[in-house]
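Hi,

Here is the structure I promised to pass on to you. Please have it open while you read, as my notes follow below.

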Amino acid sequence: MNNAENLRLATELLIHEGRLLDQRDWSAWLALYAADAVYWVPAWRNEGEETADPEREVSLIYHPQRVGLEERVMRVRSRLSVTTLPLPRTTHFVSNVALVPRCGETIGAQASWMVQIYEPRTSLQRVHFGHCEVTLARVEQRWEITHKTIHLQNDCVAAVLDFYLL
Amino acid sequence: MTFAAAPTLNPQNFIDDRPHDGVFRVRHDAFLNTALFDLEMTRIFESTWVFVGLESDLARPHDFVTTQIGRVPILLTRAGDGTLRGLINSCRHRGTLLCPLRKGNQRVHVCHYHGWQYSSAGRNLGITGAAAGQYPANFVDDTHDLLSVARIASYRGFIFASLCDAVPTLEEHLGEARIFLDLIADQGPNGLEYVPGTVSYTFDANWKFQFENGLDFYHFAATHSSFVQILRQRPPPPLPPDLPTDLQDPDPQAQGSYSFPYGHAVTWSVGIPGQGAERRPLPRDPTLFAQVRARHGATRTKWLLRQRNLTIFPNLQIVDIQSLQLRVWQPLAVDKTRMVSNCLAPIGENNAARSFRIRQYEEFFNPSGLATADDNIMYAFCQAGYAGATRGAGSQGYARGLGERPAQQRHDAAELGLRDPDWAYGTLEFGDESCFHAGHREWLRLMSRGS
Ligand code: FES
Ligand SMILES: [Fe+2]
């Protein structure tokens, strides 16, 4: 498969992922991830450097298996968490997608992202933005995310940070 | 329903404290009044001991961190001679912010506006173009060193500073709450450190909600029910083979609190199912844990494996539960607060314990964790709800624990060497609220002191 095809695939998948989150189609969103997918949002060591080693440094979110994301989805669905009463409305944007060299039968890509967030209860609006890297692996007829690292630039967030706000 | 008139700004009007009648109330508008908030900055945060940092964060000469006390920017340094300095982070020339960075190591701090220079001890090392400046004699005679905080002192690695000189010694200020700082410090035979990755966040509510909530066991089951549900459906995580087998707390299930002069308090619990000592990071490094045990003995080890939430008034909470968190708050407005959260760990802890500690910390704390995010939103709900119809009536949220004490009262003060603390003791469903009183009483004492 050629690079142009890989780039198209990665771009479409990232756009699709954002749309699923905006539509709150949590099941379809989870299905984009492999069962052993790593989902990682590093914290910041200081003004200029993020933490780089999840075993020795703090991350904002680090799930070495998809089950961590499944639990977060369960929490949203339970309607027990006040962070979801009501759920914020989001619009995900992704751009500047480029391929990153990977070995083996995987596709690596990086991108810039932004999420516009609106809270219906307070009418307050905010934005999260940053970069991300994904690795995609082929499983039979489809591509799954096996690794996603989300770099959040404005890390002093207001009250809540969760998968649907990234 | 009748509405009481809004009180004048006399702080006495906001708290109704009648211990002998079993009454303790705080008016809701103590959390809403902007003039009162300004007074809190002056009379509380800028007038008493405030936690400013950890000594291990300033390990080498010329290390610095920047922070804030009330509205005042602070440059905390370790000077060349090894002493700690609490400097006002404001150039003596025009008052510009001197150091714009969070932390680092610098022998000399140069003001970027006109180039005045200061040593890491705050001494003025040079005034740009002084000779050509046609300065008057009184200027030459004046000191040009950075201003300092009035007091700075550290207790077992925890650094506190006060902008006001009229405070007791730090030892007296901490009082017997010191023993609960000991139970934190004792966990690090080689000292404690922040795990890299400080997390800051804000919530849209008054800082006193955080102060109270950090002592509030009552909210856990309701506010964090989605988290509890997640824990329940998980298969029990396997225990490491080298975990010590004698971690069981010998005492019955219980929850209690101690309160101290100057506003500090701690809540503790024993025997929450699924959250015993085997789920704590400390014993996961068997070598380090053996050292702790040998040095501090069975009773203190028992206590340092218990869940403890410690509040050192007015701005510090150390939460020692599934993991160990140190958090401080910086009030930004009457309805906005910034939190700074760090994972605290023994220096030299092994990899397995460290990574377990970090996962447990991330899962619970911070806006990205499964519990703290709920608290943050709950504070905002409180801020919105407090403006409601009960406004004049005062809260009903300070009464648990004020009634008659249970027959089998037991509070273990003696085994910790506590002499005469205020205490409360009950079942795991107790949810004491009398432990909030000390902070509000200190609030009233400081607010009534005048500036
Ligand atoms: S304000 Fe600092 S040198 Fe002028
Ligand atoms: Fe909580």
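**Two crossing helix pairs in chain B**

Helix H1 (residues 34-45) and helix H11 (residues 437-447) of chain B pack with their axes 9 Å apart, at an angle of about 85°. That makes H1(B) and H11(B) roughly perpendicular to each other, because angles from 65 to 115 degrees fall in that class. From H1(B), the residues in the contact are B:Leu36, B:Leu39, B:Glu40, B:Arg43 and B:Ile44, and H11(B) brings B:Trp443, B:Leu446 and B:Met447. Sorted by class, the contact of H1(B) with H11(B) holds six nonpolar, no polar and two charged residues. Please keep in mind throughout that this is a predicted model.

A second pair in chain B is H4 (residues 178-185) with H8 (residues 286-304): their axes come within 9 Å and cross at roughly 90°. H4(B) and H8(B) are therefore also roughly perpendicular to each other. Which residues meet there, from H4(B) and from H8(B)? On the H4(B) side they are B:Ile179, B:Phe180, B:Asp182 and B:Leu183, and on the H8(B) side B:Arg300, B:Trp303 and B:Leu304. Five of the residues in this contact are nonpolar, none is polar and two are charged.

**Helix H9 of chain B**

H9(B) covers residues 351-364, which makes 14 residues.

After the helix comes B:Asn366, which has a positive phi near 75°.

**A buried leucine in chain A**

In chain A, have a look at A:Leu13, which sits in helix H1 (residues 3-22). Is A:Leu13 buried or exposed? Its relative accessibility is 10%, and because the cut-off for buried is under 20%, A:Leu13 counts as buried. Leaving aside residues up to four places away in sequence, A:Leu13 touches A:Leu136, A:Trp143 and A:Ile145. The C-alpha atoms of A:Leu13 and A:Glu144 are separated by 9.2 Å, although these two residues are 131 residues apart along the chain.

**Backbone details in the loops**

There is a cis peptide bond between A:Leu85 and A:Pro86, with omega about -5°. A:Pro86 lies in the chain A loop that runs between helix H3 (67-78) and strand E3 (89-100). That loop between H3 and E3 of chain A also holds A:Arg79. A:Arg79 is not a glycine, yet its phi is positive, at about 60°. With a relative accessible area of 52%, A:Arg79 is exposed, because the cut-off for exposed is over 50%.

Chain B has a cis peptide bond too, joining B:Phe313 and B:Pro314, with omega about 5°. B:Pro314 is placed in the loop between strand E17 (307-312) and strand E18 (316-320) of chain B. Finally, B:Tyr262 has a positive phi near 65° and is likewise a residue other than glycine. You will find B:Tyr262 in the loop between strand E15 (254-259) and strand E16 (265-270) of chain B.

Best wishes

Notes: Residues are numbered from 1 along each chain as its sequence is written. Chains are lettered from A and ligands numbered from 1 in the order in which they are written. This is a predicted model: local features need pLDDT of at least 70, side-chain atom pairs count only at pLDDT 80 or more; totals for chains, interfaces and linings use all residues. Side-chain values use heavy atoms; hydrogens and water are left out. Helices (H or I, at least four residues) and strands (E, at least two) are DSSP runs, numbered from the N terminus. The expected span of a helix is 1.5 Å times one less than its number of residues. Axes are lines fitted to C-alpha atoms, for helices over the stretch in contact, and angles run from 0 to 180 degrees between N-to-C directions. Angles under 35 degrees count as roughly parallel, over 145 as roughly antiparallel, 65 to 115 as roughly perpendicular and the rest as oblique. Contact means heavy atoms within 4.5 Å. Ala, Val, Leu, Ile, Met, Phe, Trp, Tyr, Cys and Pro count as nonpolar, Asp, Glu, Lys and Arg as charged, and the others, Gly among them, as polar. Buried means under 20% relative accessible area, exposed over 50%, partly exposed in between (1.4 Å probe, protein chains only).
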